[in-house]
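Here is a friendly briefing to read alongside the sequence and the model. Take a look at the strands and the charged side chains as you go through the points below.

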Amino acid sequence: MGCIAEDRSACPHPRSVSVRLTVCPDPITAVTRTTDEEALRDLNFYLLDADGNVVQHRYQSSPTLRFECLPGNYLLRIAANMGRDLGENPASEDFTVTHADEYDMLPMSYEGEVSVPSSDETVTLPTVEVQRVVAKITYNISVAPDAGDIRLHSVQPVNLPARVPVFDPGLRAAEYTAGEIVGSSSQTLTGTFYMLPNLQGEVPSIADQRDKGPANAPADATFLRIRALRGSKVLDYYIYPGGNNTSNFDIRANTHYRLDIMI
């Protein structure tokens, strides 16, 4: 038993324990694993005691951490692929990820409790799986055979959270932005982008996917704006991804959304 939450003056001064911990990425939901999505470039590792004090901090590229601490229960926080050392006592804004049209490495994080038992040998903790802070969106847009006079013009993701905290990615964003406009002049358009999570919840009144549009969607729900041309006429379509095709508008971290869209 540790004395982390007790008066340490009453403790029998236990010896520090040598600890070994390995970090790996948690497989992204429903996605074939790829090199970029699995890469761990750097780790900011924090071990906090019961009072919220940082007792260990490491910044390193190796996924295996070795450190010494007193036996006891701790809160473990890991922020991966942040691109810099966040320091011993970072401010809350240091744990923030901002939107990018392209990511060299996907930001990842882990937060959970760990227990370090007393031991004369090195304690090997269970492998920690960090999860991606971003969601992956893949779209396949095509024109129906009976609408052959329509040509696709562009697609753009709209209402993308501008920034989120890595340890609370489900928090509603205070600011939103739009993604890149991808152009086309054919009847098919495919692409992939990453975005920060955007949990906009349920609209139970929507029972038909044809009603999942601007009139019924939450104001900050993420959508794809698809622009097409029929002769000289401009056509706009709004597609809202989410947990289903009707009432759900949640875009969750570490999840892959595949959209097959027919105009």
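Arg151 has Leu229 in β18 as its bridge partner. The two strands involved are β11 (residues 150–158) and β18 (residues 223–230), which pair in the antiparallel sense over eight bridges. Strands pair here if DSSP finds at least two bridges between them, and strands (E, at least two residues) are DSSP runs, numbered from the N terminus. This is a predicted model, in which local features need pLDDT of at least 70 and side-chain atom pairs count only at pLDDT 80 or more, while totals for chains, interfaces and linings use all residues. Residues are numbered from 1 along each chain as its sequence is written, and side-chain values use heavy atoms, with hydrogens and water left out.

**The open sheet around β11 and β18**

- Four strands make up an open sheet, in the order β15-β11-β18-β19, with antiparallel pairing.
- The edges are taken by β15 (182–183) and β19 (233–239); each has a single partner strand, so one side of each is left without a neighbour in the sheet.

- Buried means under 20% relative accessible area, exposed means over 50%, and partly exposed lies in between (1.4 Å probe, protein chains only).
- Strand β4 (residues 64–69) runs antiparallel to β1 and is joined to it by six bridges; within β4, Phe67 is the bridge partner of Val19.
- Strand β8 (residues 123–124) runs parallel to β1, with two bridges between them; here Val123 is the bridge partner of Val19.
- Strand β9 (residues 128–132) is also parallel to β1, through three bridges, and its Val128 stands opposite Val23.

**Salt bridges**

- How many salt bridges does the structure hold? There are ten salt bridges, each being a side-chain nitrogen of Lys or Arg within 4 Å of a carboxyl oxygen of Asp or Glu.
- One of them joins Glu175 to Arg163, with the closest N and O atoms 2.8 Å apart. This pair links distant parts of the chain, twelve residues apart: Glu175 is in the loop between β13 (163–165) and β14 (176–177), and Arg163 is in strand β13.
- Glu175 counts as partly exposed because its relative accessibility is 43%, and Arg163 is partly exposed at 40%.
- Arg210 and Asp208 meet through their side chains at 2.9 Å, N to O. Arg210 is exposed, with a relative accessible area of 73%, while Asp208 is partly exposed at 27%.
- Arg252 and Asp250 form a salt bridge at 3.4 Å, N to O. Arg252 is partly exposed at 44%, but Asp250 is buried, with a relative accessible area of 9%.

**A negative surface patch**

- Asp101, Glu102, Asp104 and Glu180 form a negative surface patch. Patch members have over 30% relative accessible area and no salt bridge, and like charges are joined within 9 Å.
- Asp and Glu count as negative, and the place of each charge is taken as CG of Asp or CD of Glu.
- Asp104 lies in the loop between β6 (96–98) and β7 (108–116), and it counts as exposed because its relative accessibility is 64%.

**Backbone angles in two loops**

- Most residues other than glycine have a negative phi.
- Asn159 has a positive phi, near 65 degrees. Asn159 lies in the loop between β11 and β12 (160–161) and is buried, with a relative accessible area of 14%.
- Asn254 also has a positive phi, near 60 degrees. Its place is the loop between β20 (248–251) and β21 (256–262), where Asn254 is buried at a relative accessible area of 3%.

**Ile137**

- The C-alpha atoms of Ile137 and Gly87 are separated by 33 Å, and the two residues are 50 residues apart along the chain.

How values were computed
Patch = residues over 30% accessible without salt bridge, like charges linked within 9 Å, V, L, I, M, F, W, Y side chains within 5 Å. Areas by Shrake-Rupley, 256 points an atom, 1.4 Å probe, with all protein chains shown as cover.
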